[in-house]
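User: I would like to go through this model in short questions and answers. Please keep to what can be computed from it.

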Amino acid sequence: MASSTTKTPPVSIDNINPKVLNCRYAVRGAIVSHAQRLQNELQTNSDSHPFDEILYCNIGNPQSLGQKPISFFEQVVALLDNPAILKKQQTHSLFKPDAISRASQILEIMPGKATGAYSHSQGVKGLRDAVAAGIQARDGYPANPDDIFLTDGASPGVHKMMQLLIGSEKDGILCPIPQYPLYSAAITLHGGSLVPYYLDEETSWGLEVSEVKKQIEIAKSQGITCRALVVINPGNPTGQVLCEDNQKDIVRLCKEEGLVLIADEVYQENVYVEDKKFNSFKKISRSMGFGDDDITLVSLQSISKGYYGFCGKRGGYMEITGFCREVRDEIYKLSSVSLCSNISGQILSSLVMNPPKEGDESYESYTEEKNTILSSLARRAKILEEAFNSMEGVTCNRAEGAMYLFPRLSLPTKSIQAAKVENIAPDAFYAHRLLDATGIVFVPGSGFGQVDGTWHVRCTILPQEDKIPSIVTLLKAFHQNFMNEFSD
Amino acid sequence: MSKGLDYDTLNENVKKTAYAVRGELYLRASELQKQGKKIIFTNVGNPHALGQKPLTFPRQVVALCQAPFLLDDPNVGLLFPEDAIARAKYYLSITSGGLGAYSDSRGLPAIRQEVADFIERRDGYPSNPEHIFLTDGASKGVMQILNAIIRNKNDGILVPVPQYPLYSAAITLLGGSLIPYYLEETSNWGLDIDDLHQSVVQAKMKGITVRAMVIINPGNPTGQCLSASNINQLLKFCFHENLVLLADEVYQQNIYQNSRPFISAKKMLLDMHAPINTGMQLVSFHTVSKGYWGECGQRGGYFEMTNIPSQTVDEIYKISSISLSPNVPAQIFMGLMVNPLKPGDISYQKFVTECNAILESLKRRAHIMTDGFNSCRNVVCNFTEGAMYSFPQIKLPPRAIEAAKKAGKIADVFYCLKLLEATGISTVPGSGFGQKEGVFHLRTTILPPEEDMPEIMASFKKFNNEFMQQYDGTGSSGYSRM
């Protein structure tokens, strides 16, 4: 008699969607599971390891490492969570007057003055108006609130675009290598093909249009049609900020090749060097006289990065320009299936794109908080970059922007062989050893993609400034030991 | 040169997807609203949009968590009660850096423990927080699980008809096949095991492997609460057919009668014996959007996996990790919902009063609406035993169906558009949920304010009379249940 226990269960590793099996996301992958295991061990027995705490440098999660939220934004969101107190006398003793008036203003434009209802599937109209106004102020070119979709972070916007563009593995999406692995994961999940274009480490992770063109041709020869070009600016993990000429070349390329330009601009407020400046692709396209008929552009922004770092609230938007009515309707339809993004995140998107202005009561304190955070990030970026460059066999491009350093490691052959024995990538082997010795969590470069035979790790610049010296000391000591242990 | 986002080259699955809840009727209603017409939106279960007030205590707690500086201020007690302050302090202590930090991709462990405790209290069986994942609304969880299951169009998912069209939309988007099983309107939207069995047989003949079965309990749009024996039968059915059961239980707090209280699929499963209680795979969904909380805009939900192999759980975790984490404020709402105030807490009395007022009012409105529809010509309506909707059957006369055809509209869409134009009442046509061939319905919510209900029902009745008069002129062939 056949027993039910010999049947394949309805959902098991043998019959789960293979696209799910095939996708990877290293930022919260094996290294993090390892770190969590060590953390649990430390909690049970504080002497179990040669370090006191895990130092998470794997993920761009600033507030988890002590970054203070911007008080004006916090106050407005808190008031809107409990609007009953807006009219109370005592509220004035706890909240700043301009936070109270901004919250009141926002409440007026919420349908039914409710903050707990599903909104329009693109986000509350009044909040999109504020975002559009902010984009216009930033770029000097108009933005249409109907082009804006407020989302739970920028990631859902990426997924929607992949869903739209990918029908099969014959649909290719051009991605920078190294890239933020949301892109590789999303492309795999939606059944498409990632077409890599390599950033040039020698020239500060430069993007060469000739390289992109070459990859388009290679893809074509494999039967893959490229549908979109992803550009992450400032770069993740690479940190480069594109210069205007480069951006213009990219825009021209997309127009010529009929590619959707997906501009991941979530780090637009994180630029640390005097000689570079962020310019949105929207601004660049418009400055070239390119309008909706010339280029299809998806611009992504998030409340998780910048100087605001509201990762946990899940807020952001995509601005889509240059596509026809029918396609916009499809994007709207896709958005409507999940009803809407969370209201708190929507509100924060409108605040981030429309912060206190000169003359506002909170302007001074807001500016001070913002500058403190940004200048500290710039300092930390510099210190860590120098530390990496001082290590044997390590070279590290400067972090022009974003929140990461991506040093290149010349790993000794013996370590590469040891990694092979353990069946992991050599940079993962290094990262696991680092974690075991010091509690420091870096993400192996293989999680982001890299030129074959090169090895990297990604390290955030987010640990608190006063912790950085000890991190550097631990790191240098470990590295020396590692190089000694595996020297040829 | 064709452009990247030309309509022709869009993913076909996207084009095929439909989601009527925010489809044609809603868009038309929004247009009319812009033109100045007063619209009563009854198209989506969105209580706060129709005047339901948020519960006071959770809003106080979350506001304090959003702005922790308040907790250090000596004046905080002027605005917030002690228990809200204490609870906020607790939640802040279990986050990894406040509400602005990504949490664990499955949600904060302490809140998942609160959910596990709630499930244990509710069902009488221990629950493992490692198998509970918090999500940005239950919808995200449904998509995630279906994404794990569906490999290609030969994977079938059994879905009730009528259903909440998230399921049909998700299955289409993911490239799977929807296998309908019909609920029987004349038996209170009951489930028929023979019909289920037939659906599976037919699917198999078409080369489809049926992988999962969806139940919505209490039902949406149909409002029925499944009986214990019905749940028992379908559990056995799923086990026998080797299906994972997806139990959408988001309306478990919305019960308006006593003969069929809510029983979770998990409890029924664990009440059974081996091998089914450890062998049958189950995923259960819940949310902060419904019940008497109605916090739709927070986007808070969870799913609990029962008897799912650990390797599969790891894969599902991996998918969660790509989106980093569910939003933290909603996680706190979830914690508060599953672990509410206790007698003796300062805010307890007020909280209980608020909850009961909402629930009692929903019950009254369920009756008003059902009775109202049943008093209308050519309309029959099952009682809303649970959830938030009324799904009356409109017996459209042949002349109306013809007129609809001429206008290029599905018959119930035609009716609902006319209803909208005449009265401002924005509903969702039954065709958006699925129904038997030739049978028409509309879905409305029981959420408009109680004081507006009589007028809304009167307005509907007037329109319906005129419509039926127009298309069924004689007046003698009309039917009404009352």
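Analyst: One cut-off comes first: a residue is buried when its relative accessible area is under 20%, exposed when it is over 50%, and partly exposed in between. The model is predicted.

User: Is A:L55 buried or exposed?

Analyst: A:L55 sits in strand β1 of chain A, residues 55–56. The limit for a buried residue is under 20% relative accessible area. The relative accessibility of A:L55 is 11%, so A:L55 counts as buried.

User: Which residues have the most contacts inside the largest nonpolar core?

Analyst: A nonpolar core joins buried residues of nonpolar types through side-chain atoms within 4.5 Å. The largest such core has 319 residues. Those with the most contacts inside this core are A:F73, A:L229 and B:M213.

User: Which residues are included in the second, separate core?

Analyst: This second core is separate and has 10 residues. Among them are A:L38, A:F51, A:A431 and A:L435.

User: What does A:F73 touch, not counting residues up to four places away in sequence?

Analyst: A:F73 is one of the residues with the most contacts inside the largest nonpolar core. Its partners beyond four places in sequence are A:Y307, A:Y308, A:F310, A:L348, A:L351, A:V352, A:P355, A:P356 and A:Y366.

User: Where is A:V352 found, and is A:V352 buried or exposed?

Analyst: A:V352 is found in helix α13 of chain A, residues 343–352. Apart from residues up to four places away in sequence, A:V352 touches A:F73, A:Q301, A:I303 and A:Y308. Its relative accessible area is 5%, so A:V352 is buried.

User: How many Å apart in space are A:V352 and A:E392?

Analyst: The two residues are 40 apart in sequence. From C-alpha to C-alpha, the separation of A:V352 and A:E392 is 42 Å.

User: Is A:L339 buried or exposed?

Analyst: A:L339 has a positive phi of about 70° although it is not a glycine. A:L339 is in the loop between α12 (325–337) and α13 of chain A. At a relative accessible area of 1%, A:L339 is buried.

User: Is A:N423 buried or exposed?

Analyst: A:N423 also has a positive phi, near 60°, and is a residue other than glycine. A:N423 lies in the loop between α15 (413–421) and α16 (426–438) of chain A. The limit for an exposed residue is over 50%. The relative accessibility of A:N423 is 70%, so A:N423 counts as exposed.

User: Which residues does a cis peptide bond join in chain A, and which in chain B?

Analyst: In chain A, A:P237 is in the loop between β5 (225–232) and α10 (244–257). In chain B, B:P162 lies in the loop between β3 (155–161) and α7 (166–173). Omega is about 10° for the cis bond that joins A:N236 and A:P237. Omega is about 5° for the cis bond that joins B:V161 and B:P162.

User: What is the radius of gyration of chain A?

Analyst: Chain A has 17 helices and 14 strands. The globule rule gives 23 Å for 488 residues, and the value for chain A is close to that, so chain A is as compact as a globular protein of that length. The radius of gyration of chain A is 24 Å.

User: What is the radius of gyration of chain B?

Analyst: Chain B comes to 17 helices and 14 strands. For 482 residues the globule rule gives 23 Å, and chain B is close to it, so chain B is as compact as a globular protein of that length. The radius of gyration of chain B is 23 Å.

User: What percentage of the residues is buried in chain A, and what percentage in chain B?

Analyst: The accessible surface is about 17800 Å² for chain A, and about 17200 Å² for chain B. Buried residues make up 62% of the 488 residues of chain A. Of the 482 residues of chain B, the buried share is 65%.

Note on methods. Residues are numbered from 1 along each chain as its sequence is written. Chains are lettered from A and ligands numbered from 1 in the order in which they are written. This is a predicted model: local features need pLDDT of at least 70, side-chain atom pairs count only at pLDDT 80 or more; totals for chains, interfaces and linings use all residues. Side-chain values use heavy atoms; hydrogens and water are left out. Helices (H or I, at least four residues) and strands (E, at least two) are DSSP runs, numbered from the N terminus. The radius of gyration is taken over C-alpha atoms; the globule rule is 2.2 Å times the number of residues to the power 0.38. Buried means under 20% relative accessible area, exposed over 50%, partly exposed in between (1.4 Å probe, protein chains only). Accessible areas come from the Shrake-Rupley method with a 1.4 Å probe; for residues, only the protein chains shown count as cover. Contact means heavy atoms within 4.5 Å.
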